[in-house]
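Welcome! Here is a short tour of one protein model, taken a step at a time. Have a look at the sequence and the fold first, then read on.

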Amino acid sequence: MAVKAFRSMVVAGFALLPFAANAQVVGEVGVDWTGNDIVVEAIADPQVKGVTCHVTYFDRGVIDRLKNGNWFEDPSNNAISCSQTGPVEVGDIDLGKKGEEVFRQGMSLVWKKMVVNRIYDKANDTLIYLVHTRELTDGSAKMAISTVPLYGQTVTWKNGKP
């Protein structure tokens with residue numbers, strides 16, 4: 001009975017997760033002879049049409065994993081750059097100070113995730129995109145941001161401009 005209740009809670013929890021964007025690998029650059037790569041992915045914001053973010057991360061190769069151990073985890077080194085790539089249409093976005101998660105991707109077998117959050121800076125009419133790594137026990141201080149200014153742009157707001 002307890003297992004059934006737990007399974008129901010897990011399924012309900014997944015139903016509450018925000019819709020996350022899909023990433024498309026657009027580049028992969030080898031950095032050494034051990035098979036380590038820097039991967040570049042394009043991520044279209046699912047709630048803000050016309051904005052695309054490019055995120056980079058380090059992907060460890062098999063030789064590096066054998067040499068250094070830590071088989072199931074990639075480093076927390078990420079970078080992000082976002083820009084307007086078409087007419088901007090802002091959907092139903094979270095306008096609070098915490099913003100909302102736009103994208104999440106595993107960086108380890110279980111606990112470590114690379115996350116992109118969007119925050120709207122109303123005073124400066126700007127979208128801020130923050131990439132960071134979330135870990136269960138030790139959060140990483142490595143982060144990067146990119147901004148997309150909306151000031152002076154023709155922007156369509158689904159719910160009216162805040």
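## A strand and a surface patch

Let us begin with V29, which lies in strand β1, residues 23–30. Helices (H or I, at least four residues) and strands (E, at least two) are DSSP runs, numbered from the N terminus. V29 has a relative accessible area of 47%, so it counts as partly exposed. For these labels, buried means under 20% relative accessible area, exposed means over 50%, and partly exposed is in between, with a 1.4 Å probe and protein chains only.

Together with V31 and I38, V29 makes a nonpolar surface patch of about 210 Å². Patches are made of residues with over 30% relative accessible area and no salt bridge; like charges are joined within 9 Å, and nonpolar side chains (Val, Leu, Ile, Met, Phe, Trp, Tyr) within 5 Å. The areas come from the Shrake-Rupley method with a 1.4 Å probe, and for residues only the protein chains shown count as cover.

## About the model

The model is predicted: local features need pLDDT of at least 70, side-chain atom pairs count only at pLDDT 80 or more, and totals for chains, interfaces and linings use all residues. Residues are numbered from 1 along each chain as its sequence is written, and side-chain values use heavy atoms, with hydrogens and water left out.

## The overall fold

How many helices and strands does the protein have? The secondary structure comes to two helices and nine strands. Read along the sequence, these follow the pattern α-β-β-β-α-β-β-β-β-β-β.

Of the 162 residues, 36% count as buried. The protein exposes about 10000 Å², and carbon and sulfur atoms supply 59% of that area. Now take the contacts (heavy atoms within 4.5 Å). Among those between residues at least 6 apart in sequence, 48% join residues at least 24 apart.

## The nonpolar core

A nonpolar core is a set of buried Ala, Val, Leu, Ile, Met, Phe, Trp, Tyr and Cys residues joined through side-chain atoms within 4.5 Å. Which members of the largest core touch the most other members? Out of its 25 residues, they are V48, I80, V116, L127 and Y129. At least two core residues each come from β2 (37–44), β3 (48–59), β4 (78–90), β5 (100–106), β6 (113–121), β7 (126–134) and β8 (143–149). The largest share, five residues, is supplied by β3.

Leaving aside neighbours within four places in sequence, I80 is in contact with C53, H54, V55, V116, Y129, V131, A144, I145 and S146.

## Salt bridges

Side chains of opposite charge can pair when their charged atoms come close. A salt bridge here is a side-chain nitrogen of Lys or Arg within 4 Å of a carboxyl oxygen of Asp or Glu, and the structure holds three. In one of them, R118 pairs with D45, with the closest N and O atoms 2.7 Å apart. R118 lies in strand β6 and D45 in the loop between β2 and β3, so this bridge ties together parts that are 73 residues apart in sequence. R118 also bridges to E100, again with a closest N to O distance of 2.7 Å. That pair links E100 in strand β5 with R118 in strand β6, 18 residues apart. Both E100 and R118 are buried, and D45 is buried too.

Another bridge joins the side chains of D125 and K161 at 2.9 Å, N to O. D125 is in the loop between β6 and β7 and K161 in the segment after β9, so the pair ties together parts that are 36 residues apart in sequence. D125 is buried, at 9% relative accessible area, whereas K161 counts as exposed at 53%.

## An aromatic pair

The structure holds one aromatic pair. Rings of Phe, Tyr and Trp (its six-membered ring) pair if their centres lie within 6.5 Å; planes under 30 degrees apart count as stacked, over 60 as edge-to-face and the rest as tilted. The rings of Y120 and W157 have centres 5.2 Å apart and planes at 70°, so they are edge-to-face. Y120 and W157 are both buried.
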